[in-house]
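Please read the following report with the sequence and the structure at hand, and find each residue in the display as it is named.

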Amino acid sequence: RVLSSSLPRLVREFVAQNNTSQIKHVILILSQEFALSQHPHSRKGGLIGLAACSIALGKDSGLYLKELIEPVLTCFNDADSRLRYYACEALYNIVKVARGSVLPHFNVLFDGLSKLAADPDPNVKSGSELLDRLLKDIVTESNQFDLVGFIPLLRERIYSNNQYARQFIISWILVLESVPDINLLDYLPEILDGLFQILGDNSKEIRKMCEVALGEFLKEIKKNPSSVKFAEMANILVIHCQAADDLIQLTAMCWMREFIQLAGRVMLPYSSGILTAVLPCLSYDDRKKNIKEVANVCNQSLMKLVIPEDDEMDEAKQSITLSAEPNLEEPVSKPEAASSGSLDASGDSSVSNASVCTVTSSERIQVTLNLDGIVQVLDCHLHDTSIGMMTRIAVLKWLYHLYIKTPRKMFRHTDSLFPILLRTLSDESDEVSAAAPAEVFLEAQHPRIQLSFGKALSGMIGLDKGISRPWSLGCSFSPVGPCTVLLHFFSQSGLLSIGTFLFFSPLHCALLAQALVTPLPSAAPGLDASCTELPEILSVSHARPSSWNRNHVLSAPRYTLRAPNPTINPLCEGAVKRGGRE
């Protein structure tokens, strides 16, 4: 008590005399001999003395803040809760007097407060909240806040699992977002992952606070898309779009939708990851209807980003002029969620003319479509028997779209895709089988795709060996010639039973003629009686390979193979009218 009453008078005298050495000596004694003493009563006295000294210094306390703050922050870790409370009280008085002068020491103050926010003692927590509010007021009214120096500490503390620490972090993010002179959006990639982690907290209050913070960031992104680092956050969203928590997944999917529509082709390099996250959501039931609808918009918007220019052969030289500043005057139309599995042009939203906000800029940025990665993801989903019907349909739509937009690059994948695509023709779901884009191979005008298809088909019927070979479905029967394998394949794969049309180009006719070197039997083992109609349709098989020359191949008519009274696939109906004789 004697110390607290006489100390301010002594310090004011030193200030009047401009005796800084004596002031530092007084602070040193209070710190070393009292505040950091082993005796609890001495520590308590030292904290009171440091606060009184700060008040006596007034505006000059900013010159001695380091000496005043460090011993107080050390007491934040004291085992005695009463001393931790006195430390909060002392620091509150120091900060209240110094005001903006404490900002150079903000990181150490924030670090100490983040620990007290999770203190088990209610009195200590209450004292830390008072200090926290004071510090927020100082930051809000100041224009000298060092955001660059603060971000590393924020990035570290944001991964805390303590609910009170998380609440403390979110409250500070909301405050920094509200300050006009602080542009936290530039550093959003540093903290976005941590924000999504907090969004999964068990506390409804914390989840709500985090939702508000993410919502504010998203509003800012829509206002200033030119200053957003979309590419640095794409993979973070891909990860959280696959979260088990519905709120995290829905929020991340909404962000992904906005990113695709705002950033445009900047998101193309991340297409494989986006599809990995989005495609499974398309088969969600009504319990996750919101996620399914947003995922469908993401899928359609991403599909629109693939354009014919992506079919350039030299990927290393492919460059697209992108904009750091989108044209915000042009309207952006969001595609509606499509529920139909049909691939006809009138109903497929993937080929609609809905616009997507793309970026254009004076800078030349390399944006390359990672086609191999996309095809790998699509192929994995086709082979996964556990995925839902709508996901399989979406995968087939993607393959159809890629073959239409990038046929040159897609021919490399035809050998691997052809068998699984033909297998989808006999899928248990009529919608999936109707969506199978087999005509992409069979009517492809690009010679490399035709050749690749011919190789795949000839591999199935043993053209390279001149002998019959069971197809990959595992059918087994006596070797009676390649034509038997071909007919058995058509029957087993469902091409006859579902009435699907196959259009053979002249090159395909030549390949089949070379394959069917034996007379066509009246009925092959294991086939339906309806298959006996094939000899007339495949009468080209009676020709010998030696009689087929280049002129025959180029002048050969187009042949159509079908079952009696077929149910025409809407996708192929237009092609039937354009095809040759039946």
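**The whole protein**

The model shown here is a predicted one. The protein holds 27 helices and 4 strands, and of its 582 residues 52% count as buried. Its exposed surface comes to about 26900 Å², of which carbon and sulfur atoms supply 50%.

In soluble globular proteins, nonpolar side chains tend to be buried together. In this protein the largest nonpolar core has 131 residues, and the members that touch the most others are L188, L195, I221 and W255. The helix that gives the most to this core is α13, residues 246-263, with 11 residues. Which residues does L188 touch, once its neighbours within four places in sequence are left aside? L188 is then in contact with L195, F217, I221, M233 and W255.

The residues of α11 that are buried are I206, R207, M209, C210, A213, L214, F217, L218 and I221. Their cover includes α9 (163-178), α10 (188-199), α12 (230-240) and α13.

Helix α2, made of the 16 residues 20-35, reaches 21 Å from its first C-alpha to its last, close to the 22 Å expected at 1.5 Å a residue. Its buried residues are I23, V26, I27, L30, S31 and A35. Where do these buried residues lie when α2 is seen down its axis? They fall within an arc of 125 degrees, so they line one face of the helix.

Helix α6 is mostly covered, with 8 of its 11 residues buried. These are F106, L109, F110, D111, G112, L113, S114 and L116. The buried residues of α6 pack against α4 (65-75), α5, α7 (122-141), α8 (147-157) and α9.

**Cysteines**

A disulfide is a covalent bond between the sulfur atoms of two cysteines. C298 is one cysteine that is in no disulfide, and the nearest cysteine sulfur to its own, that of C241, is 6.5 Å away. C298 counts as buried because its relative accessibility is 1%, and buried means under 20%. C380, with a relative accessible area of 47%, is partly exposed.

**Two residues with positive phi**

Most residues other than glycine have a negative phi, and most peptide bonds are trans. N18 has a positive phi, near 55 degrees, and is not a glycine; N18 is found in the loop between α1 (2-16) and α2. R99 is likewise not a glycine and has a positive phi of about 50 degrees, and its place is in the loop between α5 (81-98) and α6 (106-116).

| Residue | Relative accessible area | Class |
|---|---|---|
| N18 | 60% | exposed |
| R99 | 28% | partly exposed |
| K304 | 16% | buried |
| N235 | 45% | partly exposed |

K304 has its place in helix α15, residues 289-304. K304 and R265 are 39 residues apart in sequence, and their C-alpha atoms are 9.5 Å apart in space. N235 is found in helix α12, and N235 and M267, which are 32 residues apart in sequence, have C-alpha atoms 10.0 Å apart in space.

Conventions
Residues numbered from 1 in each chain as written. Predicted model: local features only at pLDDT ≥ 70, side-chain atom pairs only at ≥ 80, totals over all residues. Heavy atoms only, no water. Expected span 1.5 Å × (residues − 1). Buried < 20%, exposed > 50% of the residue type's maximum accessible area, 1.4 Å probe, protein only. Arc of directions from axis to C-beta. Disulfide = S-S within 2.5 Å. Areas by Shrake-Rupley, 256 points an atom, 1.4 Å probe, with all protein chains shown as cover. Core = buried A, V, L, I, M, F, W, Y, C linked by side-chain atoms within 4.5 Å. Contact = heavy atoms within 4.5 Å.
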